[in-house]
Amino acid sequence: ELGQTLERMAQTLRDQLPSPGRGKPGWIPPGTHPDPRPPDEADVVVVGGGVVGWSVAYWLKVLEGRRRHGMKVLVVERDPMYSRASTVLSAGGIRQQFSLRENILMSRFSASFLRDINEHLGVPNEPPIDIQFQPSGYLFLASPQNAAALEATVQFQRDEGAQVTLLSPTQLKTKFPWMNTEDVAVASYGLEDEGWFDPWTLLNAFRRKAISLGVESCSGEVRAFVTSANPTMPPAQSSARIRYVHVHMPDSLEYQPVACAIVVNAAGAWAGKLLEADGLPRVLCRPSLPIQPRKRYVFTWHCPNGPGLSCPFLIDTSGAYFRRDGFAGNYLGGMSPTEVSPWGPLRSCTPLFFIRHLQSILFQEEEPDPSDLSVDHDYFQEQIWPQLARRVPAFESLRVGGSWAGYYDYNTFDQNGVLGPHPRLENMILAAGFSGHGLQHAPAAGRAVAELLIKGRYETLDLRRLGWDRLVDGEPLKEHGVV
């Protein structure tokens with residue numbers, strides 16, 4: 001009888017799903033037309049339907065106002081199930097503690113946006129949005145060697161309006177008695193507008209609101225472009241305009257050319273690869289966009305005697321991080337491989353420094369293979385767990401639960417987003433390369449791009465320094481707070 005009851009329940013659920021078309025899957029993401037073929041033309045084509053892409057689309061419709069003939073915006077996403085999307089596979093954090101002014105400003109804007117999210121993204125006659133925000137400060141620990149740098153960064157953050165405090169080892173031990181503070185010289189702790197939330201809810205809220213405002217979407221992959229460049233005379237061309245994007249249909253050899261006025265490259269970890277697509281003159285795409293997919297692991301574990309409700313989003317001196325995951329002794333965390341730049345310090349250096357730097361490159365941790373999202377479970381046992389147990393003795397007896405892997409859209413140049421127009425593709429705008437903080441900066445980045453397109457300038461936040469010029473000039477804007 002139990003088996004029959006379960007079967008009836010399963011059939012009831014199947015009956016409530018949309019009916020599949022011939023040769024098509026039975027479930028179609030909300031807002032996606034059963035026929036994935038895109039329109040013949042659009043004013044703006046946003047390549048990438050992650051949280052940044054949908055934020056751009058949303059802000060374009062908001063800022064255009066009540067025009068008689070509204071802007072036609074199309075969002076193209078190759079992974080409509082978001083099975084490999086950076087957004088939904090992230091740890092979902094937001095913080096004010098950055099070392100770059102632009103990042104602090106974007107975080108403050110996004111925090112305000114999320115606080116009033118239903119005023120911005122609420123849809124009439126739909127349930128209110130609950131991103132399940134968990135307020136909790138980020139806690140950055142510094143060793144004696146890095147103490148002065150952290151103190152200077154905190155002063156800078158305070159000057160930019162962020163509410164951050166410094167804690168001595170004694171204060172740390174008083175506030176977090178479960179922590180080993182022997183090798184900690186100082187720590188910084190966020191007092192407001194920091195914590196974590198559900199990434200999928202934010203993405204879906206942007207998507208749902210944008211569609212309600214008239215944004216169109218389709219499933220497909222942009223693999224080629226048609227431009228105004230003359231292929232017979234490439235040296236004479238200093239720039240070109242994109243006239244068509246070719247959207248290849250899922251599981252098909254067909255593609256649909258879409259005429260467009262503007263292309264927004266919000267392709268995340270694959271934003272650099274998009275600029276290598278067929279039809280784009282190679283000479284106009286130099287220097288290349290230094291954005292690559294970098295695979296990062298997130299592990300969950302259970303520890304009933306762990307930090308408990310007082311657990312912040314802690315970033316250890318080793319680079320390992322963890323936070324509370326719910327209220328039942330569950331935690332999640334990870335650690336990025338040590339980043340060693342192969343070129344930055346070598347502009348002027350002594351022979352001895354060169355040898356030491358070369359050694360650091362040869363023996364640095366190897367980046368995980370980004371070709372798939374498989375998880376290396378030995379990485380937790382060998383690299384992360386020892387750091388966790390050293391910092392929190394109770395974690396010596398933790399029990400590992402689940403795990404997953406996701407992608408950073410990693411800017412190898414300076415680990416910061418690239419925003420603004422491409423210097424030689426006249427109608428392409430870039431919005432990618434946030435290197436792990438794209439989710440929290442998406443509301444601000446989307447508005448910035450929309451302002452640039454509609455008003456011709458940044459108005460809310462001045463993000464000009466995040467443009468392409470720094471790549472051409474070889475002048476990185478280093479962010480020292482990459483987690």
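**Reading aromatic pairs and a buried arginine**

At 8% relative accessibility, Arg296 counts as buried.

Visitor: Where in this predicted model is Arg296 placed?

Guide: Arg296 belongs to strand β13, which spans residues 291-302.

Visitor: Which side chain makes a polar contact with that of Arg296?

Guide: The partner is Glu367, and the polar contact between the two side chains is 2.8 Å. Beyond neighbours within four places in sequence, Arg296 also touches other residues, among them Ser336, Pro337, Trp404 and Tyr410.

Visitor: How many aromatic pairs does the whole structure hold?

Guide: A search finds 21 aromatic pairs. One of them joins Tyr58 and Phe113, with centres 6.4 Å apart and 70° between the planes. Planes over 60 degrees apart count as edge-to-face, and this pair is classed accordingly.

Visitor: Why does the pair of Tyr58 and Phe113 tie together separate parts of the sequence?

Guide: Tyr58 lies in helix α2 (residues 51-63) and Phe113 in helix α3 (residues 101-115), so the pair bridges parts that are 55 residues apart in sequence. Both count as buried, Tyr58 at 3% relative accessibility and Phe113 at 2%.

Visitor: Is the pair of Trp59 and Phe113 stacked, edge-to-face or tilted?

Guide: The pair is tilted, because the planes stand at 55°, with the ring centres 5.8 Å apart. Trp59, in helix α2, and Phe113, in helix α3, are 54 residues apart. Trp59 is buried at 3% relative accessibility.

Visitor: Over which ring does the charged end of Arg95 sit?

Guide: The ring is that of Phe98, with the charged end 4.0 Å from its centre. Arg78 lies over the face of Trp270, 4.6 Å from the ring centre.

Terms used: Residues numbered from 1 in each chain as written. Predicted model: local features only at pLDDT ≥ 70, side-chain atom pairs only at ≥ 80, totals over all residues. Heavy atoms only, no water. Helix = DSSP H or I, 4+ residues; strand = E, 2+ residues; numbered from the N terminus. Buried < 20%, exposed > 50% of the residue type's maximum accessible area, 1.4 Å probe, protein only. Polar contact = N/O pair within 3.5 Å; in protein donor to acceptor, adjacent residues only side chain to side chain. Contact = heavy atoms within 4.5 Å. Phe/Tyr/Trp six-rings, centres within 6.5 Å; stacked < 30°, edge-to-face > 60°. Lys NZ or Arg CZ within 6 Å of the ring centre and 35° of its normal.
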